[in-house]
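Trainee: I am new to this one and would like a close look at a single part. Please take me through it step by step, along with whatever surrounds it.

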Amino acid sequence: MNDILIVAAHPDDEVLGCGGTIAKHTDAGDHVFVIFMADGVGSRNPTEIQISQARKQDANKALSILGVSDVFSFDFPDNQMDSIPLLTVVQEIEKVINLVSPRIVYTHFGGDLNIDHKMTNKAVLTACRPQAQCSVKEIYCFEVLSSTEWNSKSEQQFIPQKFVDVTQQWDRKMKSLKCYNQEIREFPHSRSYKCVEALAAYRGATNGIKQAEAFFIERIIS
């Protein structure tokens, strides 16, 4: 059994990026923990506490479908994480890492357009510095539709090297994603159910399987 940590900027990023992989880990008996850095709605409704609380309830429902019950929710400002000193963000992540000692970490790709995704990636890599006492041996970055593919072409592009077959977990991923139905847009928006299905089919078919999730490898120590 492995201890797995998912560090997501906002609730719904974890399902979009690696929901099938999370379910695959829990199916295998791994213990999965999730961190949410911001509530994902504060920038739209800064005074609506009820909306933020509802989003947390949606996240708990989504994660329970995937077999996750251990969630850490931080209160960094939504879509303004660059206004917080990086050290402050790193220290919060370090507290969780010291508590749960994960072997594998999944987080955002550093080239994403969304500033909270960028900051989360940088903070995770800093918190997981490869020192002797660090429990983290593997770090993988997932792609999030409407952020990863929207980045500037002058920036680093998402070129995955790891693919996870999530065919058996696909129905659970989609059921989990529907807990965030208010975040899904109509096709041809890239954050639509049709595009989520298309991306998984593309990542799968290019590797001879039905549905897959793709990851950029930051670190593997064996």
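Mentor: Let's begin with helix α4, which lies across β1, β4, β5 and β7 and runs at about 155 degrees to β4. Contact here means heavy atoms within 4.5 Å, while angles run from 0 to 180 degrees between N-to-C directions, with axes fitted to C-alpha atoms, for helices over the stretch in contact. Helices (H or I, at least four residues) and strands (E, at least two) are DSSP runs numbered from the N terminus. Please keep in mind that this is a predicted model, in which local features need pLDDT of at least 70 and side-chain atom pairs count only at pLDDT 80 or more, while totals for chains, interfaces and linings use all residues. Residues are numbered from 1 along each chain as its sequence is written, and side-chain values use heavy atoms, leaving out hydrogens and water.

Seven strands make an open sheet of mixed pairing, in the order β3-β2-β1-β4-β5-β7-β6. Its edge strands are β3 and β6, each of which pairs on one side only. From one strand to the next, the twist averages 25 degrees. Two strands count as paired if DSSP finds at least two bridges between them. You can follow the pairing strand by strand. β1 (3-8) is joined to β4 (residues 104-108) by three bridges in the parallel sense, and Ile4 has Ile104 in β4 as its bridge partner. Five bridges link β5 (residues 138-142) with β7 (residues 212-220), and these two run antiparallel; there, Glu138 has Ile220 in β7 as its bridge partner. β7 also pairs with β6 (residues 162-165), again in the antiparallel sense, over four bridges, with Val164 opposite Glu213 in β7. Another helix to find is α1, which lies across β1, β2 (31-36), β4, β5, β6 and β7, at about 85 degrees to β7.

α4 (residues 115-127) packs with α3 at about 60 degrees, their axes 9 Å apart. That makes α3 oblique to α4, where under 35 degrees counts as roughly parallel, over 145 as roughly antiparallel, 65 to 115 as roughly perpendicular and the rest as oblique. From α3 come Leu86, Val89, Val90, Ile93, Glu94 and Ile97, and from α4 come Met119, Lys122, Ala123, Val124, Thr126 and Ala127. By class, this contact holds nine nonpolar, one polar and two charged residues. Ala, Val, Leu, Ile, Met, Phe, Trp, Tyr, Cys and Pro count as nonpolar, Asp, Glu, Lys and Arg as charged, and the others, Gly among them, as polar.

The loop between β3 (70-73) and α3 (86-100) holds Pro77. Pro77 touches Ala38, Ser83, Ile84 and Asp116, leaving aside residues up to four places away in sequence. Pro77 and Gly40 are 37 residues apart in sequence and 8.8 Å apart in space, C-alpha to C-alpha. With a relative accessible area of 26%, Pro77 is partly exposed; buried means under 20%, exposed over 50%, and partly exposed in between, with a 1.4 Å probe and protein chains only. That loop between β3 and α3 is also the place of Asn79, which is partly exposed at 35%.

Most residues other than glycine have a negative phi, and most peptide bonds are trans. Asn79 has a positive phi of about 60 degrees, although it is not a glycine. Asp12 has a positive phi too, near 115 degrees; Asp12 sits in the loop between β1 and α1 (13-27) and counts as buried at 6%. Finally, a cis peptide bond joins Phe187 and Pro188, with omega about 20 degrees, and Pro188 is in the loop between α5 and α6.
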